[in-house]
Amino acid sequence: MKKLALICSLCFISIQLSAQSYTLKSALSYPFPTQLVASKTQGKLAWAVNEQGKRNIYVAEAPAYKAVKITDYGEDDGQELTSISLSDDGKWVVFVRGGDHGGRDGGPVNAASLPIAPKIQVMTVPFNGGKVNIIGEGDHPVISPNSNQLVFVRAGQVMISPINGATPAQSLFYAKGTNGVCRWSPDGNKLAFVSNRVDHAFIGVYTDQATPIQWISPGLAKDNSPVWSPDSKRLAFIRMPGTGGEPDSILARKHQPWAIWTAELSTGKGKQIWKAQETISGSYPSIDGGANLNWASTKIVFSSYHDGWPHLYAIDEEGKNELLLTPGNFAVENIKLSADGKHLVFCANTGKDAADLDRRHVYQVSVDRADMKALSTGKGIESYPVITGDGTVACLSSTAQRPLLAAILSKQEIKLRGEELIPANFPIKDMVTPKHVSFKAADGKTVYGQLFSPLKALKNHPAIVYVHGGPQRQMMLGWNPMDYYSIDYALNQYLVSLGFTVLSVNYRLGLGYGFDFHKPINAGAQGASEYQDVKAAGEWLATQPNIDGKRIGIYGGSYGGYLTALALGKDSKLFAAGVDIHGVNNRFSAANTENNAQAPDATLAAERARISSPVTYISTWTSPVLIIHADDDRNVAFSQSVDLAKRFEDKKFDFEFLAIPDDTHHWMKFSNGLKVSEVTADFLKRKLIDRK
């Protein structure tokens, strides 16, 4: 029999017990900044802030860099703000309102169930505040170097508009396929773009209405990531193979080839200047920004994993003299090139403290030599750095206690901006400091995590394993710079206040620990080798002092929901209860059978998918479970939870559920994210603390 989670009285009421001093709502009341951008020519910044679902644009200007709100959206309506940019003259902020840009389908979101559906719209607003101009329906705007125009994408075609919206947007040109990834030439006279045509993709260059589109070295491949040379005369881009070929092995690990090409605009002819090593680690990097291709002042710089870690490399314009700019055993991400093209800023999980493995700090390196230096240090987390036109470096900063805020970096000092936005009732003094831990999985691999312990030792108390999603993520020793995981960080803190110890496990498939950890064998639908890390986390917790090994719970969302379901199905004796939040419960489908029917190892792959699926273990699933899912999920099909529920019903197995109409994978409404966290905390408390 099913139970609807949080019936009536618990539906909108924060859980508050005498043993704790704050509510979950207060722990989630923090402002969350995203999309930090800098002016290329001036000392100006802009970013978005989500304040309990009310999302607005903030700006700051040198020398004080005081945070000022310039829009006034006052409702928790689920409309995100993305694609924020500043015009070169510093007069305009451009942004997109609406959609779900973290999902596979970036279409409009109606999480508030409004009778009139919202739209995805390109908007502009003066830097100093004023009227917000609706430029039109579309996405991915790019401002021209002259600051008077912008282009954006609507239904796969490129539009152009005055930046002030004085006249309606018009089609800039027509091209077959789905067009986007627009890049203005530095002189503002041309526009490069990618024309995706399903099994291949071209790089095109638009000049004017009288000149045909120039196709840059068109081939039977997928070209992407065009970047201009500083003199506007050449392009560099990434070339990868087109779709097709003989049916190949599903299970075998294969190199994913890619190369860097350049082309002269005068002829349109291109040449390959660099080719990735034909190794597994030399494959196209599945990290933030992909190859992060940039044409700097004297070098072409890019990211690659081919030495076993995601690092920055530089080559000359002919592809020679490859130089590793960031040597060491750490990951490099959030990369930005300075306006003068002479150096890069980025964040990395390295520093003086061994526990920096689970943090991020900001670094700078020249484009032509390996002179990497730290711009931030300490026990905080600094991410998404940018450089303003006056040379100021800004970033997003958090600690174990303080949530994310915009900050200015000056001589390794972190100067916060927008600190006044943190509500007075936010329980910053009640936050515990997680500890970096590691332990071994059954196969001997090292597993990493962060241990959240109650401030006062509690005898024989329950514990929780938290499993992140992605899976290409890394939880950290502080507030996470991704909004989804900042919610989970707050929930982990709250669970500790209820009396749990919480272990956040960074299982293999995640970032931050090298290529072999990020790309393990027999993972996912090919055997779920990463699950042994989750099981090891539960077993390790059970051996810790003062923890009741019979009251170990588990929860996670997305890929974490998948691993939670696998844990409950395979090891109910270890995991006494769990919450499966929009997880993948079945890794094998009829569509997979059809698509892979001719693969030489299709039968073996199907069996691997079966044993990797939580639904395979329904017969041994005895622990209570709460299933949570929103039905406009663009990342994990809602049917995954519907199917699991039907299997439980057929088995006559008792379970609880929470279905959320119209929201997506990312809880676009604050009230829905709060509800999910409240229901999760209540379920775990009832099953693991309140039980006799």
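Throughout this tour, buried means under 20% relative accessible area, exposed over 50%, and partly exposed in between, using a 1.4 Å probe and protein chains only. This is a predicted model, in which local features need pLDDT of at least 70 and side-chain atom pairs count only at pLDDT 80 or more, while totals for chains, interfaces and linings use all residues. Residues are numbered from 1 along each chain as its sequence is written, and side-chain values use heavy atoms, with hydrogens and water left out.

**Stop 1: two sheets**

A word on labels before you click: helices (H or I, at least four residues) and strands (E, at least two) are DSSP runs, numbered from the N terminus. Two strands pair if DSSP finds at least two bridges between them.

Start with E2, E3, E4 and E5, which in that order make an open sheet of 4 strands with antiparallel pairing. Its edges are E2 (31-38) and E5 (68-69), each pairing on one side only. Now select E4 (residues 54-61): 2 bridges link this strand to E5. Across that pairing, Tyr58 sits opposite Lys69 of E5.

Continue to residue 63 and look at the backbone. The peptide bond from Ala62 to Pro63 is cis, with omega near 5°, and Pro63 belongs to the loop between E4 and E5.

Next, follow the loop between E5 and E6, where you will find Asp72. Is Asp72 buried or exposed? With a relative accessible area of 66%, Asp72 is exposed. For a distance check, pick Asp633 too: it is 561 residues away along the chain, and the two C-alpha atoms are separated by 28 Å.

Select E8 (residues 121-126) to see the 4 bridges that join it to E9; Met123 faces Ile134 of E9.

**Stop 2: two residues with positive phi**

Jump to Ser217, in the loop between E17 (214-215) and E18 (221-228). Although not a glycine, Ser217 has a positive phi, near 45°, and it is buried at 13% relative accessibility. Then try Gln412, in the loop between E32 (405-410) and E33 (413-417). Phi of Gln412 is positive as well, near 65°, but this residue is partly exposed, with a relative accessible area of 40%.

**Stop 3: cysteines**

How many disulfides are there, counting pairs of cysteine sulfur atoms within 2.5 Å? The count comes to 0. Select Cys347: the nearest cysteine sulfur, that of Cys395, is 9.2 Å away. Cys347 is buried at 0% relative accessibility, and Cys182 is buried too, at 2%.

**Stop 4: helices**

Pro471 lies in the loop between E36 (461-467) and H2.

Now show H2 (residues 483-498) together with H9 (residues 670-688). Their axes, lines fitted to C-alpha atoms over the stretch in contact, come within 11 Å and cross at roughly 30°, where angles run from 0 to 180 degrees between N-to-C directions. Contact means heavy atoms within 4.5 Å. On the H2 side, Ile487, Leu491, Tyr494, Leu495 and Leu498 meet Ser677, Thr680, Ala681, Leu684 and Lys685 of H9.

Finish at H7 (residues 602-611), where Ala602, Ala605 and Ala609 are buried.

Definitions and conventions
Disulfide = S-S within 2.5 Å.
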